[in-house]
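I opened a new structure today and kept notes as I went. The entries follow the order of my look-ups.

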Amino acid sequence: MIQLIKHVKVYRETAWRDSDILLAGQKIEAVDGRIEASAPGLVTVDGRGMFAVPGYLDRHVHITGGGGEGGMSNQVPPLRISAPVRGGVTTVVGVLGTDGLTRSVESLAAKAMALEEEGLTAFFLTGAYSYPPVNLTGNVKKDIVMLQNCIGVKIAVSDHRSSCVTTAELARLAADVWQAGILKGRSAFVHLHVGKGKAGLGQLFEILEQSDLPVSVFHPTHLGNQPEDAARFAQMGGWVDFTTLQDPDESAEQMVDALERCPPELVTFSTDSNGSMPIWNERKEMAGVGAGRISSLHQTICAMVKSKGVPLEQAIRPCTSNAARALKLPGKGRLEPGCDGDLLLVDDKLEIRSVYAMGRQLMWDGKLTFAPKFEYL
């Protein structure tokens, strides 16, 4: 299918410029000031008044649901396809959380395939909070090598819910992941849930000082919990991921602080969507629980632009071009010829009006253009 989006503004050549975008199949064929095209079945739409930005990459989503702390009634439901589409997210990385018993890597892999069938790009991580990591094939290395969309492993550190993995165990796990990536011919990484614990990122610093492992094999997240260690890790050349908060203004404050503390080209944002967000008291007792929403990504970007004065083209980078580079996805995060046809059209109030994923229109003028399965349940 060939589609031509006319009269939108695209940030190119250091400015927002009037542009046309030509999509051919799943790819961006051309972006230019004016494109004249004719072909059988060509679909032309008018995006006048809209700003075109790359589709967002959310690298930490509980696609099968998360939670379970405080009882099974606290389990969060799985992600429904309409939520990421309305939130402008066209690429997700699925993860497990505290519960690696009733939630499985098998269900995670299946849900990633389901999301791809419905139009998104979806990857997943083996493992959960615990050590040894839960897996599908018998070991983490085999999961990464043999499961097409598995791009790494997740584990928890510096958290009272973790398995208190030793530094030697964490180093051995990272070595296995690094070897798996070499065998697979693509990047693989250890995605670390980082809590508010006393050790912070101390184990990572020790491993990097005493081993030959590269800093790129470690991708810590939830670094609002450890901002000082995050800055130190980023200064070493490591990727640092910050979780958007449910209050947009509070979230924007944290994200602007992260971009000031760390090299901004190494900062990514993610949502922890559909994961539980328990509230713990000083005795490590749960005092309440909420859940992450994938909509918080775009809401944070809007607050950064409107309340903090961050230019739109800069506010989106942590969840577009930065996230694509962190995940080694060269076709994502940019609106350039040859890239995947993932893009959003936002109006002058920054409301998402239209969404394209892999060249397929999923939302136009605020309305879904496909029928999500089982949304009525």
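I took helices (H or I, at least four residues) and strands (E, at least two) as DSSP runs, numbered from the N terminus. This is a predicted model, where local features need pLDDT of at least 70, side-chain atom pairs count only at pLDDT 80 or more, and totals for chains, interfaces and linings use all residues. Residues are numbered from 1 along each chain as its sequence is written, and side-chain values use heavy atoms, with hydrogens and water left out.

**Entry 1: the whole chain**

I looked up the secondary structure and found 10 helices and 19 strands. The radius of gyration is 20 Å, close to the 21 Å of the globule rule for 377 residues, so the chain is as compact as a globular protein of that length. That radius is taken over C-alpha atoms, and the rule is 2.2 Å times the number of residues to the power 0.38. Along its principal axes, the C-alpha trace spans about 60 × 40 × 40 Å.

Next I checked burial. Buried means under 20% relative accessible area, exposed means over 50%, and partly exposed lies in between (1.4 Å probe, protein chains only). Of the 377 residues, 54% count as buried. I then looked at contacts, meaning heavy atoms within 4.5 Å. Of the contacts with a separation of 6 or more, 68% join residues 24 or more positions apart.

I also looked up charge. Lys and Arg count as positive and Asp and Glu as negative, while His and the chain ends are not counted. Each charge is placed at NZ of Lys, CZ of Arg, CG of Asp or CD of Glu. The mean positions of the 38 positive and 43 negative charges are 3 Å apart.

**Entry 2: helix α6**

Which residues of α6 are buried? In this helix (residues 227-235) I noted Asp229, Ala230, Ala231, Phe233 and Ala234. They pack against α5 (202-210), β11 (218-221), β12 (240-243) and α7 (248-261). Just after α6, Gly237 takes a positive phi of about 100°.

**Entry 3: strand β12**

I went on to β12, one of the elements that α6 packs against. Val240 and Phe242 point one way from this strand, and Asp241 and Thr243 point the other way. All four are buried. I count two strands as paired if DSSP finds at least two bridges between them. β12 runs parallel to β13 (residues 267-270), joined by 4 bridges. Asp241 stands opposite Thr268 there.

**Entry 4: strands β8 and β9**

How many residues of β9 are buried? I found 8 of 8 in this strand (residues 150-157). β9 pairs with β8 (residues 121-127) in the parallel sense, over 3 bridges. Gly127 has Lys154 of β9 as its bridge partner.

Most residues other than glycine have a negative phi, and most peptide bonds are trans. I looked for exceptions. The peptide bond from Tyr131 to Pro132 is cis, with omega near -5°. Pro132 sits in the loop between β8 and α3 (140-146).

His7 is not a glycine, yet its phi is positive, near 60°. I found His7 in strand β1 (residues 2-12). With a relative accessible area of 36%, His7 is partly exposed.

Lys328 also has a positive phi, near 55°. Its place is the loop between α10 (321-326) and β16 (343-346). I noted 46% relative accessibility for Lys328, which counts as partly exposed.
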